[in-house]
Amino acid sequence: MNKPLPVFLILLLFGLVACTTYQKLPDPLLAMSPSAVNAAHSSPIVPSTSTPLPSPTVTDTPAPTATATIDPFSDDTLKNQIDRLAMDYLKWGHGSGLSVAVVRRNPQTGQLEAMLLNYGYMSKHDHQPVTSDTVYEIGSLTKVFTGILLAQAVNDGKMNLDDPVQDYLPAGVHLAAYKNQPIRLVDLATHRSGMPRDLDSDDPAGLYQWLNSFEPKIAPGAEYIYSNLGYMVLGDILTRLNQSNFNTLEYAAVSEPLGLSDTREVLTDGEKDRLAEGYYYDGSATSYFPYSGTMSAAGYLRSTLNDMTRFLLDNMQAYSTPLAASLQLAQTVQSPGRNPGEGTALGWEIDDLDKPGEVIWKSGGTNGFTSHIEFMKDGSSGFVLLSNGQYVDDLAVELSPLLEKAGN
């Protein structure tokens, strides 16, 4: 007889369902400078305004800094339209806070400009306004960071994408092949391993036990089946390869080089003070995701609007960053996507593949938070959404045509 799942794991696994509900967006956004991001990864972003609801707009002012900044832009018409969308979202998203970043190019100066907007409160009970330094769980956006770690290992000559997964498993753990076709690392990263979506365990022993019992039913690479479990295996391999844990490895290899000081799995005390409260589908407060486990590489990172805006800019102009080769490899399509005309890279999803409007994106969801990031492959535009409620992908669908129209 199968044991019933612990209540925590039921909530955790159901929360991750939100990570792939997003459907193809219209071609988005605004024009952006290809050159203005060159210094972006080391420059603080100056937010525009933060709008708690229903109180008046509040200015979100960062601490003084001597380094160069990314210029903010002001567009009252666009902001008013986003304000209305945000107010509507906070009514039906069941959370209390929302953070939005839009980036565009100034057609006169060619400089990259960012508008960071924050709405509502960190929780429903204390009315502390959300700011660009508010910490959110980002769910499956974590997979993009894991994809970059995989790309780094490949670029460093530690592994190849076509290597069999079995080559990197501990002694005594055996992953069966399908008709002599082994599951490869790239199959894990592109959701084509044939593994199911989730596992009712968050510890290595449970993962290894499952791997020993798994019998593939389809050929590796044959079908897109979204799998948090595949990223659990990938994260386990990467951390053991580097003799580390996911929190330490990710921060040292990705967040720190890109200047993402608040993007990590295990929060500092100061970051815990800035962590928003998460809200479930019915609007009730819910539990946070754990700080560690075999699901770490699938969905346990936390971040802020400031950091995710910088991460967006770095990915849009990967060549200008310290991680240029790894960011570029992570964005490279490795297999077909879920639907015709779509592709899958290392963590990223690609829409309108090989068309002028090709879009690179990822969404995420946990028990109490949802998130979305996307940008045009040509580096012309992009946006970020972070919420301590659900259904933020519905807002992304509303936001994309609005920004596209504003850019015309």
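Does F311 count as buried or exposed, and at what relative accessibility? In this predicted model, F311 has a relative accessibility of 1% and therefore counts as buried, the limit for that class being under 20%.

The surroundings of F311 were examined through its aromatic partners. Ten aromatic pairs were found in a search of the whole structure. In one of them, the ring centres of F145 and F311 are 4.3 Å apart and the planes meet at 10°, so this pair is stacked. The two residues belong to separate helices: F145 is part of α3, which spans residues 142-155, and F311 is part of α10, which spans residues 305-316. The pair therefore ties together parts of the chain that are 166 residues apart in sequence. F145 has a relative accessible area of 0% and is likewise buried.

F311 also takes part in an aromatic pair with W348. Here the distance from centre to centre is 6.5 Å and the angle between the planes is 15°, an arrangement that is again stacked. W348 is located in the loop between β9 (343-344) and β10 (349-351), whereas F311 is in α10, so this pair ties together parts 37 residues apart in sequence. Both F311 and W348 are buried. Through ring pairs, F145, F311, W348 and F375 are linked into a cluster.

Helix α11, formed by residues 324-331, is mostly covered, with six of its eight residues buried. These buried residues are A324, S326, L327, L329, A330 and Q331. Their cover includes the helices α3 and α10, together with the strands β10, β11 (359-365) and β12 (370-376).

Charged side chains placed over aromatic rings were considered next. K124 lies over the face of Y279, at 4.5 Å from the ring centre. R264 is placed over the face of Y251, and in this case the distance from the ring centre is 4.2 Å.

One cavity of 30 Å³ or more was counted, and the largest cavity holds about 30 Å³ of space. Its lining consists of I82, L85, A86, L98, V100, L385, L395 and L399. In terms of residue class, the lining comprises eight nonpolar residues, no polar residues and no charged residues. Three elements each supply at least two residues of this lining, namely α2 (76-92), β4 (97-105) and α12 (392-406). Of the contributors, α2 gives the most, with three residues.

Helix α2 also contains W92. With a relative accessibility of 35%, W92 falls between the limits of 20% and 50% and therefore counts as partly exposed. When neighbours within four places in sequence are set aside, W92 is in contact with Y391, D394 and L395. One of these contacts, L395, is also among the residues that line the largest cavity. A further relation across the chain involves Y281: the C-alpha atoms of W92 and Y281 are separated by 9.7 Å, although the two residues are 189 residues apart along the chain.

How values were computed
Residues numbered from 1 in each chain as written. Predicted model: local features only at pLDDT ≥ 70, side-chain atom pairs only at ≥ 80, totals over all residues. Heavy atoms only, no water. Phe/Tyr/Trp six-rings, centres within 6.5 Å; stacked < 30°, edge-to-face > 60°. Helix = DSSP H or I, 4+ residues; strand = E, 2+ residues; numbered from the N terminus. Buried < 20%, exposed > 50% of the residue type's maximum accessible area, 1.4 Å probe, protein only. Lys NZ or Arg CZ within 6 Å of the ring centre and 35° of its normal. 1 Å grid on protein atoms, 1.4 Å probe; cavity = no way out; pocket = protein on both sides within 12 Å on 5 of 7 lines; lining within 4 Å. Points joined across faces, edges and corners; volume = space filled by probe spheres on them. Nonpolar A, V, L, I, M, F, W, Y, C, P; charged D, E, K, R; others polar. Contact = heavy atoms within 4.5 Å.
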